[in-house]
Amino acid sequence: MKAYWYDNLPGDQRELHDSGRLVDPAYLEKLGVLYYNYPSLEDVNALATSRSYKNRDEICVSPTTLPNYEEKVKGFFSEHLHEDEEIRYILEGGGFFDVRSADDAWVRIALEKNDLLVLPPGIYHRFTTDSKNYIKAMRLFKEEPKWTPLNRGADTDENPYRKEYLSAISP
Ligand code: KMT
Ligand code: NI
């Protein structure tokens, strides 16, 4: 895992877009973003149990496994929030999760095999594959996933999960 400030320059979303300024993992924690490196699936299972996750699936995002790959990848990159926690465990390949900082800048989190990321409910984020166009990830969910991506807009700013998130991260 490597976290850095996004450069906001135009160009393909799958490029690094590295501004050269690193983000301290402690800052991610302040945003409520948790990160682990778990070489063993047993660690993933333990985390899932401790957070009451019961179900999981695997998704392979690549041009050969996902019909309309280019379109889907652009869709994943729309800024959105969820009313549930989002947990991703990278099984193969790599990709980027971009999350909004407290002052609404993009932090890019580069993930590779064995990285596990927990995004809190209410955080604005987006996802993209990297320039290798290949990621296989495990998605973990509790019994009733409320995973509908809610695209950012005036209404999501008023979402109760969004408001709760903002008050949780404000000093
Ligand atoms: C997401 O949350 O955008 C996805 O599920 C994309 C694939 S998971 C790496
Ligand atoms: Ni999401």
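This is a predicted model: local features need pLDDT of at least 70, side-chain atom pairs count only at pLDDT 80 or more; totals for chains, interfaces and linings use all residues.
Ligand 1 sits in the largest pocket. The residues that surround ligand 1 are I59, V61, F76, E86, R88, F127, A137 and R139. Of the 290 Å² of accessible area that ligand 1 has on its own, the protein covers 95%. Sorted by class, the shell consists of five nonpolar and three charged residues, with no polar residues. Three strands each contribute at least two residues to this shell, namely β4 (55–61), β6 (86–100) and β10 (135–141).

For E86, a polar side-chain atom lies 2.7 Å from an oxygen atom of ligand 1. For R88, an N or O atom of the side chain is 2.9 Å from an oxygen atom of ligand 1.

A second group of residues comes from a database record. In an unreviewed UniProt entry, the annotation "binding site" covers H80, H82, E86 and H125. These residues span 46 residues in sequence, but no two of their C-alpha atoms are more than 11.9 Å apart, so the four gather at one spot. H80, H82, E86 and H125 also belong to the lining of the largest pocket, which is the pocket where ligand 1 sits.

The positions of two of the annotated histidines can be given by element. H80 lies in strand β5, which comprises residues 80–81, whereas H82 lies in the loop between β5 and β6.

Terms used
Residues are numbered from 1 along each chain as its sequence is written. Chains are lettered from A and ligands numbered from 1 in the order in which they are written. Side-chain values use heavy atoms; hydrogens and water are left out. A residue is near a molecule or strand if one of its heavy atoms lies within 4 Å of it. A polar contact is a pair of N or O atoms within 3.5 Å; within protein, one must be able to donate a hydrogen and the other to accept it, and residues adjacent in sequence count only if both atoms are side-chain atoms. Accessible areas come from the Shrake-Rupley method with a 1.4 Å probe; for residues, only the protein chains shown count as cover. On a 1 Å grid over the protein atoms alone, a cavity is a set of points where a 1.4 Å probe fits but cannot get out, and a pocket is an open set with protein on both sides within 12 Å along at least five of seven lines; lining residues have an atom within 4 Å of a point. A molecule sits in a cavity or pocket if more than half of its atoms lie within 2 Å of its grid points. Helices (H or I, at least four residues) and strands (E, at least two) are DSSP runs, numbered from the N terminus. Ala, Val, Leu, Ile, Met, Phe, Trp, Tyr, Cys and Pro count as nonpolar, Asp, Glu, Lys and Arg as charged, and the others, Gly among them, as polar. UniProt positions are given in the numbering used here, feature names are shortened, and annotations may be inferred rather than shown by experiment.
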